Amino acid sequence: MTDFLQEIRFCLPIGKYGFLSPYAPFPIKITVEGKLYDFPTVEHYYQAMKFYASDPRFQTVINLKNPDEARLLTKNPEYKINRRKDFDKNKFAIMEQGLRAKFAQNPEAAELLKQTGNAVLIKACEVCYKCGFGEGSGKNYMGKTLMKIRQELQK
Ligand SMILES: [Zn+2]
């Protein structure tokens, strides 16, 4: 019997696989520069990490209600100029840390991830400008990282 792999495409926090989105409302706690912070979503964590925790912009990003507002605020020229110089070099590690915290700290999200079995997870959509960490320019980094975390959870 031929076993074919199902593909799951996700991006926005809507629908059956919306839980895979970095925008999905699964809060995480992560220590940054020696202090524990609460982030409403993985996206908030990723966007806040563009700044030093000592920079008031860090907290302003966390306080925004909508993760997409947080993303857009960091594009503002006044924010852009104050970005950590080491952010780009670390962005994949930051995203992975955020995703790991999400599934370690939210058992219901971990359960849903396990239930995707061996499906291929692909971050892709037609709405985002570049679909960050998605297929194409992002080489599906997010999908690959989620599959790696899933494999660890299934052990
Ligand atoms: Zn997208």
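Keep in mind that the model is predicted, so local features need pLDDT of at least 70, side-chain atom pairs count only at pLDDT 80 or more, and totals for chains, interfaces and linings use all residues. Residues are numbered from 1 along each chain as its sequence is written, and side-chain values use heavy atoms, with hydrogens and water left out.

Let's start at the metal. Four cysteines hold the zinc ion through their SG atoms, at 2.2 to 2.3 Å: Cys-11, Cys-125, Cys-128 and Cys-131. Donors here are N, O and S atoms within 2.8 Å of the metal (3.2 Å for Na, K and Ca); water is not among the atoms, so sites may look incomplete. The angles among the four donor atoms run from 97 to 130 degrees, and the site is tetrahedral, a label given to four donors if all angles lie between 85 and 135 degrees. Along the chain, the donors follow the spacing C-x113-C-x2-C-x2-C. Cys-11 sits in the loop between β1 (7-10) and β2 (28-32), and Cys-128 in the loop between β4 (120-123) and α7 (141-154), so this pair ties together parts that are 117 residues apart in sequence. Cys-11 is buried, at 8% relative accessible area, whereas Cys-128 is partly exposed at 29%. Buried means under 20% relative accessible area, exposed means over 50%, and partly exposed lies in between (1.4 Å probe, protein chains only).

Next, follow β1 itself. In a regular strand the side chains alternate between the two faces of the sheet. β1 pairs with β4 in the parallel sense over four bridges; two strands pair if DSSP finds at least two bridges between them. Ile-8 has Leu-121 of β4 as its bridge partner.

Now look inside. In soluble globular proteins, nonpolar side chains tend to be buried together. The largest nonpolar core here has 38 residues, and those with the most contacts inside it include Leu-20, Phe-39 and Tyr-45. Such a core is a set of buried Ala, Val, Leu, Ile, Met, Phe, Trp, Tyr and Cys residues joined through side-chain atoms within 4.5 Å. Helix α5 gives the largest share of this core, six residues. Leaving aside neighbours within four places in sequence, Phe-39 is in contact with several residues, among them Val-32, Tyr-45 and Phe-58; contact means heavy atoms within 4.5 Å. Gln-97 lies in α5 and is partly exposed, at 40% relative accessibility. Not counting residues up to four places away in sequence, Gln-97 touches Ile-30 and Tyr-45.

Finally, return to the loop between β4 and α7, where Asn-140 is found. Asn-140 is buried at 9%, and its side chain reaches the backbone oxygen of Leu-121 at 3.0 Å. Lys-139 is also placed in the loop between β4 and α7, but Lys-139 is exposed at 62% relative accessibility. Lys-139 has a positive phi of about 50 degrees although it is not a glycine, and phi of Asn-140 is near 55 degrees, again a positive value in a residue other than glycine.

Terms used. Four donors count as tetrahedral if all angles lie between 85 and 135 degrees; four count as square planar and six as octahedral if opposite donors are over 155 degrees apart and all others between 65 and 115; anything else is irregular. Helices (H or I, at least four residues) and strands (E, at least two) are DSSP runs, numbered from the N terminus. A polar contact is a pair of N or O atoms within 3.5 Å; within protein, one must be able to donate a hydrogen and the other to accept it, and residues adjacent in sequence count only if both atoms are side-chain atoms.
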